[in-house]
Amino acid sequence: MGLTITYFIIAIYSISLLLIFFYSLAQLNLLVNYLGYKRRNKEAPKYNLLDPKEIPFVTIQLPIYNEEYVVERLLDNISKIEYPMSKLEIQVLDDSTDDSVHDTAKRIKALQETGLDIQHIRRTNRQGYKAGALKEGLDMAKGEFIAIFDADFLPSSDWLKKTVIYFKDQEIGVVQTRWGHINREYSTLTRIQAFALDAHFTLEQVGRNAKGHFINFNGTAGIWRKECILDAGNWEGDTLTEDLDLSYRAQLKNWKFKYLEDVETPAELPVVISAARSQQFRWNKGGAENFRKTVWSVISAKNISFKTKFHGVMHLLNSSMFLCVFLVALLSIPMMYIKNTYGHLGWVFEATSFFILSTVILFVCYWFTYKSIQGSSFDNFVDYIRIFFTFFSVALGFSLHNSIAVLEGHMGKRSEFVRTPKFNLNSITDSWKGNKYLATKLSPNMILEAALMLYFLFGMYSAIPLNDFGLFPFHFMLFLGFGYVFFKSLMARA
């Protein structure tokens, strides 16, 4: 290996570690914000819903696309929302192309006969995907406020009473609630997803919101002021995460977002890895697309502080961390051989070993978010250690898949909005087999994931002749992670 290539590998490896370290420091700052916010109890002006004059008109939008397994559950649940019928309308924004359209229409007609103001809105095309459906529904919406729920969400009957009240503050443009997980314990995959989402909805959303930094509407389980949507430029379908896009445009216009950690909105997690893959791809590519679209507006904004800009940039770069992680993983084996070959470069490895602190910081941050939901007993801490390293390994296993998504987003490669299949499974005994929306084609990425599993097995083997076991645990987790993702993906297509 020539010195030029050696220095190039060291440079890429070191820069990636440095970016990961900056990300971990940003997370640590959010933890400080989170813990500080939990000690405060700020009162905000609220609508008095006991006074008929203060009850605002609300439109609930339900964007759906081929949701045969969950649409009946969705409509039954939404019909139980407790709110004056004269101040509520429901729009079912149905872009479906399968037979579920007919069943949805029948169910909506039955609900209309109860006196519920519910409309079945169909489009002639899927232009703009979910963003296009929301925009078209907004054009005819009667509500001053627009609540949005994806097909797998089950808000409580008093959800509107807990959320719409905060809009008495005329500066608030969005109220977002925390996602819950009705099938958290279904499998290892659902527990990992719940773990990651809980961290986002506690540490990140509260930590940013507490200091007035930008947060994002999460696409569902939240409510917008209609005026805010229009003032920010309305929904746009040029990214795969239209929610993040509109959130940043609104906050750059000085609208405030209110996050309610204590209001939980239950939803279903993907139970099959192919469904999780499509969701991860959309979220990570959309994050990179929004970085490309929005970062300069954030950096050049005159109306926000430097710290808010920093957290905004790091927020928009969240998905790009997968690319840094993948590069560190891929280059870690060549780095072992460089260390063994070029003794005079030993100082580089001493310097980069410092960045193990990134993992320690994330371990501490995630513990505080985990215990806020699961409790802080010793047994829960033991469970936390197990789920943290399981999550860490599987996240590493997703790093190739997500890095491809990030690269496509940064390069501006367009792709269609691929929905996440829903299942409506109530227990581990329920089977997802036969779900007609599941992808059955083998992904070319799976071959690369199998190769990477073997590559990191070689990395573990290499530690023996080199007598260097410093990266052995890292390579072991990578081996497990890529093996898990590969074999689970293979089994899902069996």
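Setting aside the neighbours within four places in sequence, E204 is in contact (heavy atoms within 4.5 Å) with Y23, Q27, L30, A199 and N318. E204 lies in helix 6, where helices (H or I, at least four residues) and strands (E, at least two) are DSSP runs numbered from the N terminus. With a relative accessible area of 7%, E204 is buried; buried means under 20% relative accessible area, exposed over 50%, and partly exposed in between, with a 1.4 Å probe and protein chains only.

The model is predicted, and local features need pLDDT of at least 70, side-chain atom pairs count only at pLDDT 80 or more, and totals for chains, interfaces and linings use all residues. Residues are numbered from 1 along each chain as its sequence is written, and side-chain values use heavy atoms, with hydrogens and water left out.

A search of the whole structure finds 2 cavities of 30 Å³ or more. On a 1 Å grid over the protein atoms alone, a cavity is a set of points where a 1.4 Å probe fits but cannot get out, and lining residues have an atom within 4 Å of a point. Grid points are joined across faces, edges and corners, and a volume is the space filled by probe spheres set on the points. The table counts lining residues by class: Ala, Val, Leu, Ile, Met, Phe, Trp, Tyr, Cys and Pro are nonpolar, Asp, Glu, Lys and Arg charged, and the others, Gly among them, polar.

| Cavity | Volume | Lining by class |
|---|---|---|
| Largest cavity | about 530 Å³ | 18 nonpolar, 8 polar and 12 charged residues |
| Second largest cavity | about 70 Å³ | 4 nonpolar, 4 polar and 5 charged residues |

Of the 13 residues that line the second largest cavity, Y129, G237, T239, L240 and F417 are the closest to its centre, and helix 4 gives the most to this lining, with 3 residues.

Most residues other than glycine have a negative phi. A221, however, has a positive phi near 60 degrees and is not a glycine; this residue lies in the loop between helix 6 (188-210) and strand 6 (222-225). N467 likewise has a positive phi, of about 55 degrees, and is found in the loop between helix 16 (444-466) and helix 17 (472-492). A221 is buried, with a relative accessible area of 0%, whereas N467 is exposed, at 63%.

Notes:
On a 1 Å grid over the protein atoms alone, a cavity is a set of points where a 1.4 Å probe fits but cannot get out, and a pocket is an open set with protein on both sides within 12 Å along at least five of seven lines; lining residues have an atom within 4 Å of a point.
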